[in-house]
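Let's walk through a model together, one feature at a time. Bring your questions and keep the viewer open.

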Amino acid sequence: MKIIETLKNVWKITELKDRIVLTLGLLLVYRFGAQVVLPGVDFPKLAELQDSAAQGGLLWLINAFTGGGFSNASVFALGIMPYISASIVVQLMGIAIPYLQKLQKEGASGQKKITQITRWLTIGICLVQAPAYLGTIPSLSGLQSISQMLIPGFSEGVFYFSSVIILVTGCVFAMWLGEKITDKGIGNGISLLIMVGIIATMPQSFAQNMFSRLEGGNGGFMMILIELVIWFLIILASVFLVMAVRKIAVQYARRTASGGYEKNVFGSRQFLPLKLNASGVMPIIFAQAIMFAPAYIGKLFGPESGVGQWMQANFQDIFGFWYNLVFGLLIIIFTYFYTAITVPTNKMADDLKRSGGFIPGIRPGTETAEYLDKIMSQITLPGSIFLALVAVFPAFVYQLVGVQQGWALFFGGTSLLIMVGVAIDTMQQINSYLLNKHYDGLMKTGKNRKSVTA
């Protein structure tokens, strides 16, 4: 079979093989760390927390983002989310703070400084989240105080002090793993860490839904088959969303091309691909990180406050109307925001002008930049709406089809979009190595096997 031959070709490229092995090894370390319980915790007493996290809802989502570390009270209980939150804050501040704007324009050196700022901010966020997490575990586990979940004789003060240090260190170590995967491995390290945590919960969620259908007389095998067909169609829609592009015709008055020899090509026409979803999965991750906040803000108002009760009731239910409405709007906003940051139309116009290229009917320079910006705005609107619809689709299948909460979260939403987006991005990087070495790639769509036309 051709897929077997392709996999053999992957292992023939030494650099690619080493990167894949390193990536798998670091992911294995992360998964192992998610099972290592904090010193002093009596693990059997967390059974209620683990059962609640397995049922679906907001607790399941938090647990999935941490790879199961949240419900295990592990050294990676905070996961990689503090780093994601810090990245959001730094990028938002980059709009208003001139110093950060200056760093963004300095290229690699500026990006290095921004990364360092993000790391320090991550530690600051961890120092706030770690004590909050330790104080929340007892109530989520059905216990009265934190001392009840500790091994007899273990000091509560020592537990707090040591656990805060371990949780902060665990988050920093997870951040380091993600950065190493990005630099030395294959794919985006931070996204891969989130993806493997989500995938780890998939078998259990599917099994719970299947047993519910079979044992409860709730549709049986036919409903399971229908659900799988719907799931497959949503995956296809997600793949289209991730890979669709708008091709802009570009004319070159004079260009040098080489293919074993050099020649002048006059009037050659090529295409500039603009992705329908240029921001990838980042708007989903950003929006999801912020959606954790309203329920906590509601708690700050107290149980006597009507506003606090309303916020807790509506934003703890991830299948509720208000949660999904705000979630969808945030995705649209972040899609525009992240696209504006990651797609520098001015630079694209300047690069075209330097290389002797121009868009037919559009003057090079400023007019080209404005035209590209207009096109990006036009295709980002349907792209962001499509992204938001896919993200809130789990609420529909849960309410209308009766899918179990845990399994419903794989019908779109954060889980599916992250898995599809990260998988495609990783496959494209592997594909580039194969094509550069003159092997058949993993992906066959389109001439360059990397995109489809919207």
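This is a predicted model: local features need pLDDT of at least 70, side-chain atom pairs count only at pLDDT 80 or more; totals for chains, interfaces and linings use all residues.

Q: How do I read the confidence, and which elements have the lowest and the highest mean pLDDT?
A: pLDDT is the predictor's confidence in each residue, from 0 to 100. Here the protein averages 81, and 90% of the residues score at least 70. Among the elements, helix 9 has the highest mean and strand 4 (residues 452-453) the lowest, at 44. Residues 259-267 fall below 50, and this stretch has 18 contacts in the model beyond near neighbours in sequence (a contact means heavy atoms within 4.5 Å). Residues 445-454 also stay under 50, with 26 contacts beyond four places in sequence.

Q: How many helices and strands are there in the protein?
A: Helices (H or I, at least four residues) and strands (E, at least two) are DSSP runs, numbered from the N terminus. By that count the protein has 19 helices and four strands. Take contacts between residues at least 6 apart in sequence: 69% of them join residues at least 24 apart.

Q: What share of the residues is buried?
A: Buried means under 20% relative accessible area, exposed over 50%, and partly exposed in between (1.4 Å probe, protein chains only). Of the 454 residues, 46% are buried. The accessible surface is about 22,200 Å² (Shrake-Rupley method, 1.4 Å probe), and carbon and sulfur atoms account for 64% of that.

Q: Which residues of helix 12 are buried?
A: Helix 12 (residues 282-291) is mostly covered, with nine of its ten residues buried. Among them are Met 282, Pro 283, Phe 286 and Gln 288. In helix 8 (residues 108-140), the buried set includes Gly 110, Thr 118, Cys 126, Tyr 133 and Leu 134. Gly 142, which follows helix 8, has a positive phi, near 75 degrees.

Q: How do I read a nonpolar core, and which residues of the largest one touch the most other members?
A: In soluble globular proteins, nonpolar side chains tend to be buried together. A nonpolar core is a set of buried Ala, Val, Leu, Ile, Met, Phe, Trp, Tyr and Cys residues joined through side-chain atoms within 4.5 Å. The largest one here has 111 residues, and Ile 80, Ile 84, Tyr 133, Leu 134 and Ile 418 touch the most other members. Helix 17 (residues 366-401) gives the largest share of this core, eleven residues. A second, separate core has seven residues, including Ile 13, Leu 16, Ile 430 and Leu 434.

Q: What does Ile 80 contact, leaving aside neighbours within four places in sequence?
A: Ile 80 is in contact with Tyr 30, Ala 174, Met 175, Ile 190, Leu 193 and Ile 194.

Q: How is the packing of helix 9 and helix 10 described?
A: Two packed helices are described by the angle between their axes and the distance between the axes. Axes are lines fitted to C-alpha atoms, for helices over the stretch in contact, and angles run from 0 to 180 degrees between N-to-C directions. Helix 9 (residues 156-184) and helix 10 (residues 189-215) pack at about 115 degrees, with axes 7 Å apart. Helix 9 brings Ala 174, Met 175, Gly 178, Ile 181 and Thr 182, while helix 10 brings Gly 189, Ile 190, Leu 192 and Leu 193. These contact residues divide into six nonpolar, three polar and no charged (Ala, Val, Leu, Ile, Met, Phe, Trp, Tyr, Cys and Pro count as nonpolar, Asp, Glu, Lys and Arg as charged, and the others, Gly among them, as polar).

Q: Where is Ala 73, and what is its phi?
A: Most residues other than glycine have a negative phi. Ala 73 has a positive one, near 50 degrees. Ala 73 sits in the loop between helix 5 (69-72) and helix 6 (81-96), and counts as buried because its relative accessible area is 0%.

Q: Is Leu 24 buried or exposed?
A: Leu 24, in helix 2 (residues 14-33), is exposed, because its relative accessible area is 54%. Gly 33 is also in helix 2, but is buried, at 6%. Leaving out residues up to four places away in sequence, Gly 33 touches Ser 74, Val 75 and Phe 76.

Conventions:
Residues are numbered from 1 along each chain as its sequence is written. Side-chain values use heavy atoms; hydrogens and water are left out.
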